[in-house]
Amino acid sequence: MKRFFIAAAMLLATALSAQEITGAGATFPNPIYSKWFSEYNKLHPNVKINYQSIGSGGGIRQLSNGTVFFGASDGPMTNDQILAAGFRILHLPTVLGGVVPVYNIPGVGAELRFTGPVLADIYLGKITRWNDPAIRAANPGVNLPGDDITVVHRSDGSGTSYIFCDFLAKVSPEWKQKVGVATSVNWPAGVGGKGNEGVAGLVKQTPGAIGYVELIYALQNKIAYGAVRSLAGQFVRASTQTVSNAAAVAAKSMPRDFRVSITNAPGKDVYPISSFTWLLVQESPKDVQRSKALADFIRWALTDGQRFAPELGYAPLPKEIVALEMEALKRVRQ
């Protein structure tokens, strides 16, 4: 009988200490987040993290409405969005990634090169054929067909769109004026796909299509993607190294709230459509135990978890930024 009560007490203690945490948001980091949640659960079976990959806009909205415990976004929340949420929100960078222009041009096996203004004009609907002189000028020797370009963009509120638009606004005054930068914009041209998965799928099945996705989605779907001209004038292909190079400047002058843009960053071998992706965490949640469990997971992700980044096409965080985040986590009630 004594052993029965001891066993029952242990089961009760386990049940009380178990934590189930729900989050939602960006599709951009979903592959590595899924890996992290799985690996962390192996180490801590009492902590289960469920994540809904619904887009950055949805993650911000659900966190603000209190329907999830944490959010995730590739575009930092605006001051107005934070005020509307009604509670203090900490932005914590988790990894770095690159958004790449993907395309499906039958008969063209060469790796294409794109300038920022050309990408902007394609998405503005001004460049409509693959053999346009502006595309040919960046790709001498490539036999480009006269096929129509099918433009594919995100249909949902998207941090990937935010990153892409943020870059285009820096290289195209017309884009900045007519379209701007947000997780959701009024696209001048094209058809929409939901999530990085939806855009990748549409491009893959549509001859003549162009889209933009996070690097891992191009790799997983075996879709051709191009190099993009950097601020230094180089045509740079996205890789963990060239994306890491984009964070070098930010690491030296990271703002206290971690809301920073690194698109079109200066320097050699810098991929210009690079970004951090952020977890959005309440600083003073009512559920302190769940907050502690989430903070412990984040500390693991920022340290041991970073080793999983390169194999999934992401760049690990600079050590200087990890140190700043460890300090910032002290502001989270736990």
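**Exercise 1. Find which residues have the most contacts inside the largest nonpolar core.**

Step 1. Know the term. A nonpolar core is a set of buried Ala, Val, Leu, Ile, Met, Phe, Trp, Tyr and Cys residues joined through side-chain atoms within 4.5 Å. Buried means under 20% relative accessible area, with a 1.4 Å probe and protein chains only.

Step 2. Read the core. It has 110 residues, and Trp-175, Phe-276 and Phe-297 have the most contacts inside it.

Step 3. Find the main contributor. Strand β4 (residues 89-104) gives the largest share of this core, nine residues. Strands here are DSSP runs of E with at least two residues; helices are runs of H or I with at least four; both are numbered from the N terminus.

Two notes on the source. The model is predicted: local features need pLDDT of at least 70, side-chain atom pairs count only at pLDDT 80 or more, and totals for chains, interfaces and linings use all residues. Residues are numbered from 1 along each chain as its sequence is written, and side-chain values use heavy atoms, without hydrogens and water.

**Exercise 2. List some contacts of Phe-276.**

Step 1. Contact means heavy atoms within 4.5 Å.

Step 2. Leave aside neighbours within four places in sequence; the partners of Phe-276 then include Asp-74, Pro-93, Met-254 and Ile-321.

**Exercise 3. Explain why one side of β5 and of β11 lacks a neighbour in the sheet.**

Step 1. Two strands pair if DSSP finds at least two bridges between them.

Step 2. The open sheet has the order β5-β10-β11, with mixed pairing.

Step 3. β5 (113-114) and β11 (235-236) stand at the edges, each with a single partner strand, so one side of each has no neighbour in the sheet.

Key. Buried means under 20% relative accessible area, exposed over 50%, partly exposed in between (1.4 Å probe, protein chains only).
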